[in-house]
Structure formats: structure tokens, C-alpha cells
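Keep the picture beside you as you read.

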Amino acid sequence: MTARVIIIGAGIGGLSSAIRLARQGCTVTVIEARTGAGGLAAGFELDGFRFDAGPYVLLDRPGLEWAFRQLTIDPATQLSMQRIPDIYQVDDGSQHKVTIYDSFDKTASEFEQRWPGTRERYRQFIDKTSSTYQRLQPMQWKSQPGIMDVLRNGAWRDVPFMLSSLRSVLKSSRLPEAIVEALGIWTHVAGQLAGAAPSPLALVTSVIHHVGACYPFGGIGKIPELLLKAATDAGVEFRFGTRVRRICCRNKTVTGVEIGNETLPADAVISNAGLATYAGLLDDDGRAGLSHRTQRYFRNLPLQSPGVCAYLAVKGTPKPPYLRFRLHKENDGCRLLVTPGVVDPALEKGGWYPARLIAPMAHTHAQSGGEAGQREFLHRVVEHEQWWRESFDDVRVLQTRIPSEWGSQFNLHNNSMNPVMTSKFMLTGRVAHRSPWIRNLYLTGSATHPGQWVSFCAVSGILAADRLLADAKVVR
């Protein structure tokens with residue numbers, strides 16, 4: 001009997017699961033509340049310019065290529081990617097601007113000129129984190145890595161690293177504080193402190209120097225477009241503009257989903273709806289399958305806000321680097337200016353280019369301040385902070401988004417993207433791909449995988465599908 005699978009959400013994880021299952025003979029239907037696929041990774045057109053909608057700015061190429069191999073998609077022929085030479089710069093408002101290039105030599109040479117003796121310490125840091133990355137990387141492709149995986153890959157030696165915070169790992173490098181702040185900038189993008197952030201964020205720079213950071217021509221949104229085509233070709237049915245009201249269960253086992261006044265039967269459900277799966281989508285029988293402790297755990301997980309974003313048209317040829325961070329030490333916040341025209345000059349239209357200004361906002365701050373507080377923060381970032389305007393001859397603000405708008409327009413749970421990726425959550429609290437409480441319920445997306453790259457969502461979708469296939473004893 002062919003398994004009937006319903007997937008909630010056409011984000012990267014949902015699309016990847018759909019392709020995997022359809023190619024294994026399952027009958028797959030994807031229900032998506034929005035009118036198109038991609039979720040926060042989708043692209044859109046605005047005033048003649050193409051923008052990436054969400055917060056994704058870089059690609060983890062090894063992870064994406066692994067996912068594409070599993071889906072038998074050849075990115076080389078279907079996705080044009082450019083390796084970025086001048087990747088990012090961090091400015092803390094002082095004289096210590098730190099730039100990270102694709103080239104280790106160029107990066108280290110600039111460090112050495114400013115801080116003599118730093119080149120060797122930086123080389124040692126990159127060599128050490130690169131070795132750690134090589135040992136830990138295979139466990140990204142496992143749904144639940146076990147002790148044998150740790151032993152087999154030699155990752156047992158990285159246990160102290162995994163138990164450390166990002167801050168302690170960076171501090172152990174003995175690099176100048178300005179460089180430490182630049183290497184740890186990715187935790188500020190998530191709106192959290194380095195002392196609580198997971199140590200694998202320290203691996204980003206070694207990946208940049210050894211593998212490279214890439215930009216797909218046309219933007220990150222080209223990835224879900226490619227996945228959507230592959231899913232459609234595989235026979236996946238899509239219902240866009242349709243909201244799932246409930247996941248239906250009987251005896252703590254999934255039976256289907258409710259959409260409007262219609263109930264669609266299913267042998268299994270994969271949810272790409274994040275924490276909303278447990279917090280709001282389960283019917284009474286499904287919620288009864290969760291203990292009060294489990295329900296409390298999901299209610300109390302710290303959440304990550306998508307922050308505020310301004311979509312810009314900027315006049316004048318964008319100057320490298322691709323990403324410009326402004327670090328505000330007084331509140332541990334940051335701003336990010338994304339100028340894809342640095343990588344793709346073809347984006348130019350009459351001397352104007354698209355750009356995005358992103359400012360993370362703590363979820364608790366966004367919720368307590370309400371829409372008025374969110375708009376006040378956006379106004380301050382866009383109108384009162386001048387650093388990001390300095391590189392351009394002129395600027396037009398085409399559109400903005402605040403957390404409440406992200407929530408309503410992208411159907412985000414509690415106006416959040418996912419749980420904040422803390423050290424504790426990464427090690428013990430990740431949402432399982434196969435629900436331990438509800439039979440035939442599976443989950444995919446960034447809450448189930450230790451990272452917030454587009455590639456990790458794709459990997460998560462494949463792992464969720466493979467758990468389902470293994471449970472159903474489907475012959476691949």
C-alpha cells in the first residue's frame with residue numbers, strides 16, 4: 001500500500017521531505033498557507049528589484065551539496081553560485097574595523113599589520129577549528145547521532161569543545177578582542193550573547209577560508225524555486241493558500257489534517273511548522289499525548305525574533321564587502337547591511353541596486369513593546385543611524401517589516417523564527433524529527449537541526465523523510 005503523507009509547510013525542510021518521499025513512491029501532498037513556496041528563504045520582486053525575503057545571507061555549500069546529492073539534484077547545472085571574495089566586515093564604532101575575506105592570507109595579513117604576532121595565533125585557531133569541523137561534519141547528516149558516531153569519526157576529542165560556549169572557545173584563541181567580536185558576530189545576528197551561544201558557531205570562519213562562502217545568482221530564493229520544480233516533477237501535489245487548522249489524531253496516532261471544513265486522511269504527517277506543531281496544531285487527542293512537563297517545556301523555550309528589516313534601493317556601485325555589520329556594544333546588538341550588488345553587478349537598474357538593512361531584536365523586547373515599540377526601533381535604525389548610508393549616493397526605502405508583520409505574513413509561531421540556538425538547546429533540546437509522543441508525526445525545519453543555514457533546513461527535511469521511510473519499512 002502506498003503511504004499517504006501530508007507535509008505542513010512548503011519551506012526548505014518541507015520541500016526536501018516532499019521530494020525524498022515522492023521519489024520513494026509515497027503519495028505526497030504539501031499544504032502551504034502562503035501563495036508560494038520557500039517560507040523565509042523565498043525571494044520576491046519589489047519596484048523592479050529582486051530581494052531575499054528572510055534573514056538568510058550566506059550559503060553553507062557543503063551542507064547544501066550533501067542535501068542535493070540525496071535528492072539527486074545537480075546544483076552545478078541548475079544553480080549558479082559565486083564564491084564571495086570580500087565577505088564581511090564588523091565595525092564597533094571605534095577604529096578597529098575587522099574584515100574577513102575568503103582568503104586566509106589576506107585576512108591574516110591585515111590582522112598582522114594591526115596587531116603584530118596575531119597571524120600565527122589566527123592560523124592556529126583556523127587549523128584547530130577546521131579539524132574540529134571535519135570530525136563533526138558527518139554528524140550533521142544524522143537524525144540522532146549516537147556514541148558510535150562520535151567514536152567512529154574521532155569526534156570524542158571534541159566533547160570539551162561541544163560542551164563549551166562560543167565565548168569561551170573564541171577567548172581561548174588569545175586573539176585581540178576586536179577579532180573575537182568579529183568571529184562571533186553570528187550570535188549577535190541571532191540576538192543572543194556569546195556566553196550562551198553554541199560553540200559550533202566558532203567554526204564558521206574556518207569553513208569560509210577552506211570551503212568559501214557562496215552567493216547564488218538571483219538570491220537565496222533560487223533554492224526553493226529549484227526544490228519546488230523538483231518536487232512538482234516528482235509528482236508532489238501542492239495546495240497553496242491553504243491553512244492547516246489541526247493535526248488529527250486517534251489513540252495518539254496521526255490520522256490526517258483538518259483544513260477549513262475538510263479533513264484530509266494521511267498515514268503520516270511531516271510538519272514544517274516548527275514549535276507551532278506542538279503548541280497549537282495538535283487536536284485534543286494529540287495534546288493528550290503530551291505530558292504537562294513536555295507542554296511546559298515547549299511553552300518556555302526562548303524564541304528568536306526575525307527582527308526588523310528594510311528593503312532598499314541604493315544608488316552608486318556597492319563597495320565591498322558583501323556584508324557590513326555594525327556592533328552596538330552597549331546592548332550587545334548589531335545591524336547588518338547586505339549588498340548583493342557587490343557579488344552580482346547584473347542587479348543594477350539605472351544606477352540603482354537592491355540592498356537590505358537587518359536589525360535583530362530580542363523576542364522578549366519585541367513582544368513586550370508591541371507593534372508600537374517595534375516600529376519605533378525600526379524608525380531609529382533606518383532614520384537615525386547614518387553609518388549604513390555613507391557608502392551610497394542616495395537611498396530609497398522601498399518596504400519594511402517588523403516582527404509582527406513577519407509573523408502574520410509568514411505564519412510564524414508567536415512572531416518567532418525558531419527557538420534561540422543556545423548551547424543547551426543544541427545539545428539536548430532540539431526537536432526530534434520523529435515525535436516521541438505522537439505516532440506517525442514527524443517534524444522538519446531549523447528547530448530540529450543544529451543551525452540556521454538554508455542547508456540545515458534541507459538536511460533536516462531529508463532526515464525527517466528517512467525516519468518516516470524507515471518506520472514504514474519502505475524499500476528504497
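Helices (H or I, at least four residues) and strands (E, at least two) are DSSP runs, numbered from the N terminus. This is a predicted model, in which local features need pLDDT of at least 70 and side-chain atom pairs count only at pLDDT 80 or more, while totals for chains, interfaces and linings use all residues. Residues are numbered from 1 along each chain as its sequence is written, and side-chain values use heavy atoms, leaving out hydrogens and water.

**Empty space inside**

Rolling a probe the size of a water molecule over the atoms shows where empty space is left. Here a cavity is a set of points, on a 1 Å grid over the protein atoms alone, where a 1.4 Å probe fits but cannot get out; lining residues have an atom within 4 Å of a point. The whole structure holds 4 cavities of 30 Å³ or more, and the largest cavity has about 110 Å³ of space. Its lining has 13 residues, and Arg50, Phe51, Asp52, Tyr215 and Pro340 are the closest to its centre. Strand S4 (49–52) and strand S18 (352–359) each give at least two residues to that lining.

**The nonpolar cores**

Buried means under 20% relative accessible area, exposed over 50%, and partly exposed in between (1.4 Å probe, protein chains only). A nonpolar core is a set of buried Ala, Val, Leu, Ile, Met, Phe, Trp, Tyr and Cys residues joined through side-chain atoms within 4.5 Å.

| Core | Residues | Some members |
|---|---|---|
| Largest | 111 residues | Leu21, Tyr88, Leu323 |
| Second, separate | 28 residues | Ile6, Leu275, Leu303, Phe425 |

In the largest core, Leu21, Tyr88 and Leu323 have the most contacts inside it. Helix H19 (residues 454–472) gives the most to this core, with 9 residues. Contact means heavy atoms within 4.5 Å. Not counting residues up to four places away in sequence, Leu323 touches, among others, Val57, Ile87, Tyr88 and Trp186.

Which residues of helix H4 (residues 104–114) are buried? They are Phe104, Thr107, Ala108 and Phe111. These residues lie on the same side of H4 because they cover an arc of only 90 degrees around the axis, taken from the directions from the helix axis to the C-beta atoms. Their cover includes strand S7 (98–101) and helix H5 (118–136).

Val382 lies in helix H16 (residues 363–384). Val382 counts as buried because its relative accessibility is 5%.

Note on methods. On a 1 Å grid over the protein atoms alone, a cavity is a set of points where a 1.4 Å probe fits but cannot get out, and a pocket is an open set with protein on both sides within 12 Å along at least five of seven lines; lining residues have an atom within 4 Å of a point. Grid points are joined across faces, edges and corners, and a volume is the space filled by probe spheres set on the points.
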